[in-house]
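Subject: Structure for you to look at

Hi,

Here is the structure I promised to pass on. My notes follow below it.

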Amino acid sequence: MLHGGHLLSVLIFFPAVGALALMLLRGDDHKFIRSIAMIVSTAEFLFSLILLRGVPVGATGYQLEEFAKWISAPPINYHLGVDGISMFLVLLTTFLTPISVLASWSSIQNRVKEFFVMLLLLEVGVVGVFFSLDLFLFFLFWEVMLIPMALLIGIWGHERRVYAAVKFVLYTMTGSILMLVGIIWLYNATGTFDLPAIQQTLANGLLVLAPRTEMLLFLAFFLAFAIKVPLFPLHTWLPDAHVEAPTAGSVMLAGVLLKLGTYGMMRFCLPLFPEASHRAARWVAVLAIIGIIYGALVSMVQPNLKKLVAYSSVSHLGFVVLGIFAFHNISMQGAVYQMLAHGISTGALFLLVGMLYDRRHTFEISEFGGLSTPMPKLAAFFLFVALSSLGLPMLNGFVGEFLILLGTYQRHWGWASWAALGVILSACYLLWSYQRVFFGEITVEKNRTLPDASAREKWILATMAVVTLWMGIGSVFITRRTAAATQTVMDQVEPQRAYEARARSRTKPLTKTDSSQSSRTISIERLGIR
Amino acid sequence: MPAHPILEYLWIIPLLPLLGSAINGLLGAKWPNRIVNIAAIGSTGLSFLCALEAVREFFDSGQVLFRKEFFAWITAGNFRAGFDLQMDQLTVVMVLVVTGVGWLIHIYATGYMAHEGGYYRFFSYLNLFMFFMLILVLAANYVLLFVGWEGVGLSSYLLIGFYFLKKSAADAGKKAFIVNRIGDFGFMLGMFFLFRTFGTLDFQTLFAKAGLWPAEAMGQFGTFTIACLLLFMGATGKSAQLPLYVWLPDAMEGPTPVSALIHAATMVTAGVYVVARSHILFTYAPTAMLVVAIVGCATAFFAATIGLVQTDIKRVLAYSTVSQLGYMFLACGVGAFGAGIFHLMTHAFFKALLFLAAGSVIHAIGGEQDMTKMGGLSKKIRWTYGTMLVATLAIAGAPGFSGFFSKDAILVAVAGKYWLYGFGLLSALLTSFYMFRLIFLTFFGKPRYDEHKVHAHESPRSMFIPLVILALLSIVGGWLAAPEFWGHANYFEDFLNPVFASPTQSVKTIPVDTAPRVGKFLFAFGEAMGRASMEILWTYAAIAVGTALIGFLIAYWLYIRQPRKADDLAKSLRPAYTTLLNKYYVDELYAAVVVRPLVWLSTNVLWKAADVAGIDGTVNGIAHGAAAIGDGVRHSQSGNTRSYAVWVVVGAIVLLAIIFFWPSGAKTPVGLVR
């Protein structure tokens, strides 16, 4: 375990330093700018790997905490910390940023300097959000991250970029405002913005929220996060934002930004408002399941390839929300894993769609067809990624999906059964679109001479493929590091169960005789907690 | 070095084909076929040798069940899915069939695919299939089994769609994967349910725990029944049973070696394997067993009827496969798991042979698959003809051939249940008919192809040597069961007894009175042989052979003696004939009831109406509304001092009115009055 040091601050602000350096450069030497951005983001990724040593396996609570007084009245502190969940989300962010830089290597030709500055600032905001343990600081980074993303869409996007950017900002802001109200309410009640302190106050019963108040607060936070996820029916900004965003924007948006929503639910909604979470769970789950099925069905019939991938995110993130609100530690683990896996798979899908766009300047599926012939390598990568996205075992998508469904089934078999339909539908939309894009004879003459993956593209895709495969086989590396953090969330949201479990394990060890009689109930109880 | 090196490192058996696949897939594009062959055949051949050695070591070690955990794959809470492999007698059969038959088919494919583009790609996929199939049969828990389960589905998808330029091939691949996914949906729920009930998905622990539970009664819809039906749903997808069989006939779009290996000998039997593997659960769930038996029997009959009229040589074989898989499920459904696996093995031999021989025929006459354009080939391609005849005799159940013993074992097992037995027998008749129809149409009569253009020729040696080996296996493959007819044991089922010990008891104790009367005369013969149960055995065998003979005679009469009669018959039974020819219109039904409505619903209701017009329309509506309000209110900002004064007065009055007239006792609006 690392002591002292300011690793988290370094990780937050290193890209900002890089962005500053870029700003000082002359704007016309594109190659140099790109190289600097690449070096900065790669270095950031390498730095972030140190986190793996900083967060010991099995350690509960926040690690590598940093605390500094910032504003005295109201007492706003610079409080950072990391646990198993946020660590991997940060790793995902720092991994996807250099990939995004590389993906924008040749497709971004105007305002190159500004583009990479925005990309690095986005990284600052996202990493900051994941590390913040002070609600005000969290909110600050939350908003900070919004600006570069909106600009990435609005400046470097496609035809309807301004519409999409404005929609993105307004949607997100609506949620943010509600969250801000919630944050201020909590401050009024507890006198602090410090997340662990508020958490303690609530857990110890020093502040007892009336059910109605708790529900309102829950909703204030939840709406902000649900928009970000996006949870059905708050998802309509997503297809527009994705279709209009440049490739790097889409990768960051799908890969990382959506996870801020589900991360927020795990970090704030559940621990701070456990009762309200329980009461809302069934409605949230219904929306999540609708999202899974609806997202998949709508995705299936999209004529626009990028929109198709965007809607598939609605479906995949539905799984994550379901896993969180099933309140089962297996599904919670699965939810964390699915966030990471989705970041890689969908990130890779957007990269591939972007590569097709670079060649043909369209996302219309009808414009493609038979692309396997001119570009077999790209086709192979696309299939690989599609398979990971549809949850083929041994690739990353399966682990999360399986754990979510398995865990959810233990407590709500009906939810899991409905959600499992998504498994069928994901095969439908991915394989159908794959067939229309890559199989068959070439239908559009222009496509006959398209070049296959370039060396740069092959490096990007191979990296993604290796991570995909590794996450599919070596999932234990990640799950054993996230186990303690998800267990903490479980204990916070269900303190009663955790208590009962401890009591039971002390007094009445599970014997073989009662397994035949009541092993069903016991096993269900047991599953949740150990 | 450990005492049992291969057994201790059991993962080497699946890993070898995976290496072959990776090498060919990544590097093979630039290699000549010869080097691709070395990687592909070498890896599978080595895998076969390793499997043989592992089996030897397994028996050498004298264990009932060898099991080893290699590494933890997924863990969460108290859930653990490991890369754990196991070996028992059932695995032995499966592994040897998969690697052995698989290897032969690989060798065959080097000849068959020699002139096709994407040679390296083909073998990369084929080796990948071997990897997943071996994982499937070696897995020691349901989750790892599911890895193989989905993986073979993927390989099947890739290989069916191998000729991806053809839309029908790409369609068929996609259909196979999606239909399988429907089954997998059930399989996954089955796993979740088992985990919920028993807290583990590990075979050994799970079955041990399940064994402590009381068995359910017939008609009871308890835990075991639910779990088994869900697992069986997966099996109906993978093993092409009603109602999810529709993908298999279309899968014939793939190259013929693929049809032989994946869609006949190995992958499609995975469902049977799963049911046999879970036999403890199934035997505790008689209701589920009945469903399995009925579905199996119905499929066996249903598919056989479609096979009667198909003219594409591979499609006939495809429906035949569906039908034979039905037999295997029928056996499992009545608790004769040993017989089911026995038929799985013999079927792997003769059906692989049939497909390979069909491939040889297709190869010989330049790619033609329509039997109405063949004929008279028996003299031109003797080896192919000879081996195919052997396979036909085996599948029809000619005495002494492997299929005779395994099919007989199944029919004996179901004998007590008249309906199942009757339909089983009827399917045997149909099988014999359509197979001999295939032989007669293909090899007899006058050539119906253009002899000037097509010069039928025997296939290269790499193709017919596997044919000969498989033909030998198709003959001797069932002989382990033969001693039963002389009062000894069925050595094959005895061999599997350690696995199926408890459930198979019921099979051998058929009460005498279930023997049909027609066989009474054979009792005397049986008595002479000295054992009571043998009379029954001989009786059933005689009935089965007699039935098959009838099928043969009808085919002989219709296609050799009176070749016109077949067409006349088709004309006089026009509606029935067209229904069969169109496969009962099941594909059309599914398209009309499921596929098209779903696409329509998704496009018009969910996407265009709900998403774009409904939700997004509301969002944009709010935005426009806000803009409109802003626009309206903008006019109040006129810059005119007098109008501002009026607004101030109006505001003051409203405020005062609220304060004074607010009902006493009620809370005032927040913050308005302190």
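Domain bounds here come from an automatic or database domain assignment. For chain B that assignment gives domain 1 (1-160) and domain 2 (174-514 + 551-579). Residues are numbered from 1 along each chain as its sequence is written, with chains lettered from A and ligands numbered from 1 in the order in which they are written. This is a predicted model: local features need pLDDT of at least 70, side-chain atom pairs count only at pLDDT 80 or more, and totals for chains, interfaces and linings use all residues.

**Chain B, the two domains**

The C-alpha centres of domain 1 and domain 2 of chain B lie 23 Å apart. In contact (C-beta atoms, placed from the backbone, within 7 Å) are 43 residues of domain 1 of chain B and 49 of domain 2 of chain B. On the domain 1 side, β2 (79-87), α4 (89-112), α5 (119-138) and α6 (142-160) of chain B each supply at least two residues. Helices (H or I, at least four residues) and strands (E, at least two) are DSSP runs, numbered from the N terminus. α4(B) gives the most, with 16 residues.

**Chain A, a helix pair**

How do α11 and α13 of chain A cross? The axes of α11 (residues 247-272) and α13 (residues 305-325) of chain A come within 10 Å and cross at roughly 20 degrees. Axes are lines fitted to C-alpha atoms, for helices over the stretch in contact, and angles run from 0 to 180 degrees between N-to-C directions. So α11(A) is roughly parallel to α13(A) (angles under 35 degrees count as such). Among the contact residues are Leu258(A) of α11(A) and Leu317(A) of α13(A).

Best wishes

Definitions and conventions. Contact = placed C-beta atoms within 7 Å. Parallel < 35°, antiparallel > 145°, perpendicular 65-115°, else oblique.
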